[in-house]
Amino acid sequence: MALIVQKYGGTSVGNPERIKNVARRVAAAQAAGDQIVVVVSAMSGETNRLIALAKEVQANPDPRELDVIVSTGEQVTIGLLCMALLEMGVKARSYTGGQVRILTDNSFTKARILKIDEDRMRRDLESGHVVVVAGFQGVDDAGNITTLGRGGSDTTGVALAAALRADECQIYTDVDGVYTTDPRIVPEARKLDRITFEEMLEMASLGSKVLQIRSVEFAGKYKVRLRVLSSFQEGGEGTLITFEDDIKMEQPIISGIAFNRDEAKLTVLGVPDRPGIAYQILGPVAEANIDVDMIIQNVSHDGTTDFSFTVNRNEFDRATKILEDVKAHVGAREIRGDRSMAKVSVVGVGMRSHVGIASKMFRTLAEEGINIQMISTSEIKISVAIDEKYLELAVRVLHKAFELDQVGA
Ligand code: ADP
Ligand code: ASP
Ligand code: MG
């Protein structure tokens, strides 16, 4: 008998009919002889609705109270799914994150899981119940409700699988696996049968929201067998996230293309080029808890240089304000900003053993007249920042140039 954790996302539980569909799938899995723990998201659109509701009352919602509000979305779905299972004669019990005791730190709206009590779930499983747990939420050691960041139900699923030493964590969503890029942007995108953890980690961190990045980190750390599949399709193997060592066959050079539209660029012009300047500019930005992504410092001319970096677009105004203060302090000439940037990245472990990937990427973009504004690389990815209006074009032409639409590419 295997222990399986199944996570169903918002679209998969988007209305009562779909919840009944999930119940049928869960019942079938249990009838096949496995123990099943289910993690569910809020019904699609519900988390957005709750956030908007909160903002109608408090423009800048108090993080603790926001978590109290948004965590209710998942509480509704666990109850509904259990009812659907009970109607089918399947023994089922629902738990909120706090009831299981998914203990987190107290960073409201982006809490991290510290510990999970598994006793209650084990007892229920042993007495033949399906255990249904609310995704995206936990409780801190003072008993406050916390949430895990957008997309956090993936992380709940993987964390439960790790705690229970489950045989597999299955992430059921509205696509039948991980694709070479978002199939909504490139219809020719291909489903991957396998992708390595490292690649999935890069894809997730570079904007592919099919899995929340923390879920992939967790799976890597605790060696959870992780699979992405469709909740709307019968059968199908989905995409297995593998450890590189598991794969004996030759890897494709590029596995996928990730992108993120929510970038903004800030440039400090005419900064005196002296030691400590990067710290003087970025120190205050970091202190304000703003994540900086790509950074460029130009060659200096006449003793001054230009310094650019990117931040998430919703931090743009805050970052600009900070730089206005920094400007006088460091004696810079001007601050410029561009809030409509996007980042496109090609990802693949095969880059380690192949040269020419960057030049192919740059040539492809140049042929379309797309200007690259910033570049950053790691061992297995190359990212470029471009004007957001070229994003879809860039993803499409790169997908074609690297032949990701071809089987066996
Ligand atoms: P859920 O609500 O089930 O958590 P999400 O919307 O969070 O689902 O994630 C699934 C979506 O991720 C897909 O509908 C797809 O548009 C998007 N996506 C982005 N990049 C990829 C990719 N490389 N492969 C598959 N889906 C992707
Ligand atoms: N409901 C939460 C969200 O929309 C968590 C999740 O679905 O994973 O972000
Ligand atoms: Mg999701």
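Hi everyone, I'll talk about the sheet, the nonpolar cores and the cysteines of this structure.

A quick note on conventions: this is a predicted model, where local features need pLDDT of at least 70, side-chain atom pairs count only at pLDDT 80 or more, and totals for chains, interfaces and linings use all residues. Residues are numbered from 1 along each chain as its sequence is written, chains are lettered from A and ligands numbered from 1 in the order written, and side-chain values use heavy atoms, leaving out hydrogens and water.

Let's start with the sheet. Eight strands form an open, mixed sheet in the order 3-6-2-1-9-11-12-10; strands here are DSSP runs of E, at least two residues, and helices are runs of H or I, at least four, numbered from the N terminus. Two strands pair if DSSP finds at least two bridges between them. Strand 3 (92–95) and strand 10 (194–196) are the edges, each with a single partner strand, so one side of each has no neighbour in the sheet. Further in, strand 2 (residues 35–40) runs parallel to strand 6 (residues 130–134) over four bridges, with valine 37 opposite valine 131.

Now, which residues touch the most other members of the largest nonpolar core? They are Val37, Ile116, Val133 and Ile241, out of 44 residues. A core here means buried Ala, Val, Leu, Ile, Met, Phe, Trp, Tyr and Cys residues joined through side-chain atoms within 4.5 Å, where buried is under 20% relative accessible area, exposed is over 50%, and partly exposed is in between (1.4 Å probe, protein chains only). Helix 7 (residues 153–163) gives the largest share, six residues.

Finally, the cysteines: there are zero disulfides (cysteine sulfurs within 2.5 Å). Cysteine 82 is buried at 5% relative accessibility, and cysteine 169 is buried at 0%.
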